[in-house]
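Happy to walk through this one with you. Let's take it as a set of questions and answers.

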Amino acid sequence: MFKKVYLTILIMVLFIGLISFTTGCQTKEKAVEEIKIGGVGPISGEASTYGISTRNGENLAVEEWNAKGGVLGKKIKLIFEDDKGDATEAATVWTELIDQDKVVAIVGSVMSKCSLAGAPIAQAKGVPFVSSGSTNPRVTEYGDYIFRVCFIDSFQGKVGANFAYYDLGARKVGLIFDVGNDYTKGLSEFFRDQFINLGGEVVGFESHPTGATDFKAQLTNLIKAGAELIYIPDYYSDAALIMKQARELGFKGYFLGSDGWDSPDLVKIGGDAVEGGFFTNHFSKDDQRPEVQEFVKKYKEKFGQDPEALASLAYDAMNITLTAIQNAGSTDGAKIKEALKNIEFNGVTGFITFDENRNPVKSVVILEIKNGQQVYKTAVNP
Ligand code: PHE
C-alpha cells in the first residue's frame with residue numbers, strides 16, 4: 001500500500017520535472033531565435049539627415065543578411081534608437097539598448113559627442129560598439145570593445161590643411177567652430193596645427209556656442225583679419241548658415257569644410273552661398289569600384305535617393321559587425337570583439353582592417369559643390 005503511494009509520488013515528481021525541463025529549454029530556445037543589434041543615430045534634432053541615412057544603411061545590410069538566412073542560422077533584428085544629437089539622450093538610449101533590449105552589439109552613432117557618451121557604457125558592459133561616423137580620436141580610446149569604420153580627425157584636419165595650403169594656395173586662413181562640440185572643436189585644432197606647420201598663418205580662431213544662429217561678429221573678425229579661406233568644420237545646418245552670412249558680409253574667399261557638411265540639406269539651407277565650397281569626406285558615389293556602384297544602385301532603388309557618406313559608413317559598420325559575429329561563431333561580446341580585431345573587409349567606403357587602436361586606415365575624399373551637387377575632386381591616402 002505504502003509502496004504504491006511512494007511510486008505514484010515518484011512518478012509525479014519525475015513527470016513535473018520533465019515538463020519544467022522541456023519548457024525551460026523552449027524559453028531558452030526562443031530567447032536566441034533572433035540576434036538583436038542596436039542601432040543609434042540622430043533621427044531628430046539639428047542633424048536629422050545623419051540619423052535617417054544611418055538607419056537606412058543599417059536596414060539595407062540587415063535585410064541582405066536576413067535574405068541569405070541571417071547569421072549563425074538566426075534572423076537579425078535591428079533595434080534603432082534616436083539619440084537626438086544629444087549626449088545625455090545618447091547615454092540613456094545606450095543603456096536601454098543594452099540593459100532592456102539585450103542587444104549583442106551597437107552599430108552606428110554619428111556625432112562624436114554622442115559616441116563619447118555611449119562608448120564608456122558599452123565598454124563597461126562588455127558590448128562591442130562599431131561607430132559608423134564618429135571621427136573624434138577619443139571615441140575608441142575608451143577601450144577594446146570600441147571600434148569605428150571611419151578615419152579620424154587628426155588625419156581629416158591634416159588633409160584639409162594641406163589642401164588649403166597646396167591646392168588652393170591659401171596662406172591666411174580663419175576658422176570658426178562650435179565650442180560645445182567635441183568634433184568641431186577637435187578638428188579645428190588639428191587643422192590649425194597643421195596649417196601653421198606648413199608655414200601658413202591662422203588669422204583668426206573664432207568659436208560660437210552650440211545652437212547659435214548668428215555668426216556675424218566672428219565672421220567680421222575673420223574678414224577684417226584678411227582670411228583668404230574660412231575653415232568650417234561643422235555640421236551642415238551650422239555650416240550652411242555660416243557660409244550664407246559670410247557671403248552677406250562680403251567675403252569673397254574660399255570655404256573649406258569637413259564630413260559634417262554631408263547632407264542634402266546643406267544646399268537647401270545654404271543655397272548659392274555653398275556653391276564652390278570644398279569638403280573632406282569618407283565616400284563619393286562617383287567611385288567607380290563595382291561594389292560601390294552596386295551599393296549606390298540598390299540604395300537608390302530602396303530609398304529613392306543617392307547614399308551619402310553616412311549611409312555608406314553605416315552599411316559597412318553593420319556588415320562588419322555581422323561578419324564578426326559569424327566569424328566568432330557566437331554572440332558573446334568578448335568573442336565578437338576578438339573577431340572584430342581580425343576583420344578584413346572590402347567595404348563600400350574602402351578596405352577596412354583595424355589598427356591597434358581599433359581605427360581603420362582609410363583615405364579621405366575631397367568633394368566640391370558644383371551646381372548644388374557633390375563632385376569628386378581628389379582622394380588622399382594616409
Ligand atoms: N564625423 C562627425 C562627428 O564625429 C559625424 C559625421 C560623419 C557627419 C560623417 C557627417 C558625415 O561628429
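Q: In which hand of crossing, left-handed or right-handed, does helix 3 pass helix 4?
A: This is a predicted model, with local features needing pLDDT of at least 70, side-chain atom pairs counting only at pLDDT 80 or more, and totals for chains, interfaces and linings using all residues. Residues are numbered from 1 along each chain as its sequence is written, and side-chain values use heavy atoms, without hydrogens and water. Helices here are DSSP runs of H or I with at least four residues, numbered from the N terminus. A crossing is left-handed if the near helix is turned anticlockwise from the far one by less than a right angle, and right-handed if clockwise; for helix 3 and helix 4 it is right-handed.

Q: How are helix 3 and helix 4 oriented, roughly parallel or roughly antiparallel?
A: Helix 3 (residues 87–99) and helix 4 (residues 112–125) pack with axes 8 Å apart, at an angle of about 30°. Axes are lines fitted to C-alpha atoms over the stretch in contact, and angles run from 0 to 180 degrees between N-to-C directions. Angles under 35 degrees count as roughly parallel, over 145 as roughly antiparallel, 65 to 115 as roughly perpendicular and the rest as oblique, so helix 3 and helix 4 are roughly parallel.

Q: Between which domains does the largest pocket lie?
A: Domain bounds come from an automatic or database domain assignment. Both domains in question give residues to the lining of the largest pocket, so the pocket lies between domain 2 (34–150 + 287–362) and domain 3 (154–281).

Key. Helices (H or I, at least four residues) and strands (E, at least two) are DSSP runs, numbered from the N terminus.
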